[in-house]
Amino acid sequence: MRLWLEKQRHLIDFTLASLARRKTKNIGLLLAYMLLVFVLASLMLFTHALRSEAAYVLASSPEVIVQRMVAGRHDLVPPDYLERIGRVRGVQKMQGRLWGYYYDPVLNANYTFMARPSGEIADGGIMVGNALARERGLSTGNTISFRSYSGKLFTFEVLATLSPDSELLSADLVLLSENDFRRFFEYPAGHFTDIAMSVANPQEVRNIAAKLGKMLPDSRPILREEILRTYESLFDWREGIVLTVLAGAILAFAILAWEKASGLSAEEKREIGILKAIGWETSDIIRMKSWEGLLISITAFLGGVLAAYVHVFHFGAAVFEPVLKGWSVLYPKFKLLPTVDGLQLITLLFFTVFPYMAAVLVPIWRAAIADPDTVMRA
Amino acid sequence: MIELADIRKAFNQGHTNEYWALHGISLKLDAGRVTAFRGPSGSGKTTLLTIIGCLAKPTSGRIRFKGEEISGLPERFLTDIRRQSFGFVFQQFNLIKGLSALDNIILPGFPSGRPRAELLANAASLLDRLKLSHRSRARVEWLSGGEQQRVAIARALINDPEVIIADEPTANLDTALSLEFMGILEDLTALGKTVLLTSHDPLVVESQAVHRVIAMRDGRLTET
């Protein structure tokens, strides 16, 4: 065992000396490789963090949202629906919600107006999302006027701005009292935009949704898990789009790394011949080159992943942000929670280190099995 | 010590460019002696040395080393024998550029797993014997031809082999350095080493340090 360890130490010593002797080639290779890992790891970390964020945020959202459909379009929920839904066994809590979109020509942006019970917000007051407040220069105590769709001007006092922690969801949000909401949008009394409900037994969500579908055939129950799945598909799709766009560049880096790794120079072939002639076995040479490949690929992998981590969680993934977050006039400012998926990292490790090792070892193996007498004829 | 029986060697066998480098060489080489193989280029000297030194296998024929037949052994065993029993000094020295003299010398000791400190101590003592201690840390490409050859000799001796094989050792040296090399040969014989070398340099083949000269031409022995 001691002999084996000593031998590995010799091989690593020689490998390090070899890497240092071919500095330019190895640094170029390391940089190209690191960049490749950085791009892939940034994408993976960012989309994973967004998925986790979505799941985290949706965890506190209602289990089922019931909408009413007319001619395949979302329509207002009539007053008796609340009472009829309340009769379904298993429904624990339900609440009619009032929300709508408002286009603000000042920012060319859409806001989400949402009513809160009058106990939370007094008539004439609003609470606004952080991005909106930032863009319109609002702070507590300011007033702001909106012209409603019927042409009337409404003036509100900003009672508070919403916590920056919720900015992912509340960037464009305007919270106002139920009375103000109904007046502003001229909403018919007793009607709601949709109904949020929770069920007593989470295992029964699908059954209750099915019962609602039967009882109110014009309703559309939307489950929380469906929303989550939609988000996941959306981020998967965006990740795919980015990967497609970057495919050319990734391929170019991969080819560069492959070419650099697999191209054995005349000098390297000569060295392999010398080592064999002076008593190194084919397996020693392959082991030595394996150490070399591992040192480069693991360093590039760790460097790339670390750089991607800093890029995503400290600089908000500046490179991919516009594509991955989607389009918006009011971009939320939010810090992603640093979450890393071990399986994703292992997959990345496998797809970057493994092909590299193959690229290194195949030509080495071919050179290492050559007869050592070639060195006598050099 | 080394017995060759009807050694033949073909290159590119079975192809249109098939070439027979050796035609049935039979020979006995004694231990502790310096034997020089003389002959023009293409006479088969180097090919014969590569076969004796386990760098290549003969196409046919048998080789016995210290009484054991080694011609049929698999490559792994041949590598072991080569590492333990043979030291090589190549015509172009074949040192690894970018490494120091000391680092080059200890390379053949790596596969044996001997501790680095022990290898370095051995290498330092060899450099001392070859009067090259002052250049031990210098990178080999900065050394003169004679210094490079002494590094190559030290490297050949690091595993304390019984046989030293030197291919055209004076081909890249001037007269003074060639004479210096012959002096080193005498020291090696005094240490009990067997030396096999190829040369067509009269300075070598006519030297007192060489005990036996074997002439070759066209892959055959012409004078033993």
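1. Helix axes here are lines fitted to C-alpha atoms over the stretch in contact, and angles run from 0 to 180 degrees between N-to-C directions. The model is predicted. In chain A, helix α2 (residues 23-58) and helix α10 (residues 282-313) have axes that come within 7 Å. They cross at roughly 45°. Angles under 35 degrees count as roughly parallel and 65 to 115 as roughly perpendicular, so α2(A) is oblique to α10(A).

2. α2(A) and α10(A) make a right-handed crossing. Sorted by class, their contact has 18 nonpolar and seven polar residues. It has no charged residues.

3. Next, the contact between the chains. Chain A puts in 25 residues and chain B 26 residues. On the side of chain A that touches chain B, the elements giving two or more residues are α1 (2-21) and α9 (266-277) of chain A. α1(A) gives the most, with nine residues. By class, this side of chain A has 14 nonpolar, two polar and nine charged residues.

4. The largest nonpolar core has 80 residues. Five of its residues touch the most other members: Ile105(B), Ala123(B), Val151(B), Ala154(B) and Ile165(B). Take Ala123(B). Leaving out residues up to four places away in sequence, Ala123(B) touches Leu102(B), Ile105(B), Ile106(B), Ala154(B) and Ile158(B).

5. There is also a second, separate core, of 34 residues. Its members include Tyr111(A), Ile126(A), Phe156(A) and Phe192(A).

Note on methods:
Residues numbered from 1 in each chain as written. Chains lettered and ligands numbered in written order. Predicted model: local features only at pLDDT ≥ 70, side-chain atom pairs only at ≥ 80, totals over all residues. Helix = DSSP H or I, 4+ residues; strand = E, 2+ residues; numbered from the N terminus. Parallel < 35°, antiparallel > 145°, perpendicular 65-115°, else oblique. Left-handed = near helix turned anticlockwise from the far one by under 90°. Nonpolar A, V, L, I, M, F, W, Y, C, P; charged D, E, K, R; others polar. Contact = placed C-beta atoms within 7 Å. Core = buried A, V, L, I, M, F, W, Y, C linked by C-beta atoms within 7 Å. Buried ≥ 20, exposed ≤ 12 C-beta atoms within 10 Å, placed from the backbone.
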